[in-house]
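Please look over the model below.

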Amino acid sequence: MTFSNFYKKTREDRINILKEEQIISNESADKLLNNQTLDVNIAGKMAENHIGTFALPFGVVNNFIVNNKPYTIPMVTEEPSVIAACNNAAKTIGKSGGFSADILDRKMIGQVALYDVENIDLALENLQREGTSLLKLANEAHPSIVKRGGGACDISHEIINFEDTSFLVVYLTVDVKEAMGANILNTMLEAIKPTLETLTNGTALMGILSNYATKSLVKATCTIDVSTLNKDILEARNIAHKISLASKLAQADVYRATTHNKGIFNGIDAIVIASGNDWRAVEAACHAYAVKDNKYRGLATWNFDKNSDKLNGELTLPMPVASVGGSIGLNDTVKIAHEIMNNPDAKTLATIIVSVGLAQNFAALKALVSVGIQQGHMKLHAKSLAMLAGANESEADIVAKKLTQEKHINLATAQQILETIR
Ligand code: HMG
């Protein structure tokens, strides 16, 4: 099989495989081989007080199946074992058909908050009556999204009281198509703000997109044949049972829930960054979603069905990502990341990302409830320790290999080993 032992090959061979498999073009392969990344002059136009560009490792996971289609997943991360773990999960879950993922909705919400509204009843009556004309006004402010088949489609309001202040908050829902929508929403909200002030006889505090993207939910699931978890079926069932217990613990204990979710974001951040999307927006949305029942909970859940011998995983998240706009078209490496995934549209990209989160959680839980996290993680972290100890490229693998055989896998041991081999 083409991708067999992919991770054991050289960087050059991996790039050539991606080229031969027509996952990337010759031109993209050349850029990867030459490590040609974000052009420094373009970078200077993207961020302020610019002094250079900043590099992070860029890797891929092969044969990651979502909705019956195999994808190669681009990942950017500084953390050892994240990509290996996702690869590991893709392999195991792939044996049971991979992931299924659905877009539950894909719209963004923005808000205009008003205060000092003296006659609330009259303000609400006016808002109710003028709903359609407010949507028209919003759409006139951003005609290009309407031309692409999207646009403002709903407006609602709520009174929110805090201490001695009463806010009248108007929510605008917009179909943003392939964009993430921040600019579209903000333009529309600023356009309707003066009219809202007139209609409510109040003062607008602000008009801004909400990152709590509850109308951009994506649900990923997988059903794993328990027999694939271990050669010994009793041990396989034990692992499945313990993964479902770990899932329960993450629902009940906030200390565990936070780490459970951190593991999910090991994968999600890596692909969101690679795809040039706003990972702060994704993080903010998902952590707010984790507390939607007034308690911070683990986002992914696992249930072991003993009758069918299946382990069922589920992850639902707001995933407000884009396939165009922002910095996506400016960064060559981001363009290659999209090419690696066969240039998915925004909806498909969101389904891939949430599936990666579920995969990452599975790999971490499986390790945690069986051999423990250190065995696999430290084996891969050993290479970073070797480099930190001062090993050059040819020494690093030797030091890392010896280090994994030691009781204490740390920087001091790496330094001692390095001295013995020099
Ligand atoms: P293993 O079973 O000991 O190793 O897994 P293996 O050599 O038998 O390899 C099994 C498969 O893993 C391979 O299959 C690959 O798919 C993949 P093969 O292709 O050989 O048939 N694999 C790799 N892929 C790419 N590069 C590699 C590589 N090595 C194996 N170098 C492994 C070892 C690390 C994968 C496993 O122990 C694992 O998945 N551990 C979880 C590690 C993890 O979650 N790391 C994230 C950092 S820890 C953290 O921040 C999160 C946490 O706190 C979250 C939480 O608490 O929930 C844990």
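1. The shell around the ligand divides by class into nine nonpolar, nine polar and four charged residues. Here Ala, Val, Leu, Ile, Met, Phe, Trp, Tyr, Cys and Pro count as nonpolar, Asp, Glu, Lys and Arg as charged, and the others, Gly among them, as polar. The shell holds 22 residues, the closest being Tyr7, Ser81, Lys91, Arg256 and Lys262; a residue belongs if one of its heavy atoms lies within 4 Å of the ligand.

2. This is a predicted model, where local features need pLDDT of at least 70, side-chain atom pairs count only at pLDDT 80 or more, and totals for chains, interfaces and linings use all residues. Numbering starts from 1 along each chain as its sequence is written, and side-chain values use heavy atoms, with hydrogens and water left out.

3. Helix α10 (254–274) gives the most to the shell, six residues. Helices α4 (82–94), α13 (346–369) and α14 (373–388) each supply at least two. Helices are DSSP runs (H or I, at least four residues), numbered from the N terminus.

4. Check the polar contacts (N or O pairs within 3.5 Å). For Asn88, the distance from a side-chain N or O atom to a ligand oxygen is 3.2 Å.

5. Helices α6 (131–141) and α8 (182–200) have axes, fitted to C-alpha atoms over the stretch in contact, that come within 8 Å and cross at roughly 145°. Angles run from 0 to 180 degrees between N-to-C directions. Residues in this contact (heavy atoms within 4.5 Å) include Leu134 and Leu137 of α6 and Ala191 and Ile192 of α8. They divide into nine nonpolar, three polar and no charged.

Conventions:
Polar contact = N/O pair within 3.5 Å; in protein donor to acceptor, adjacent residues only side chain to side chain.
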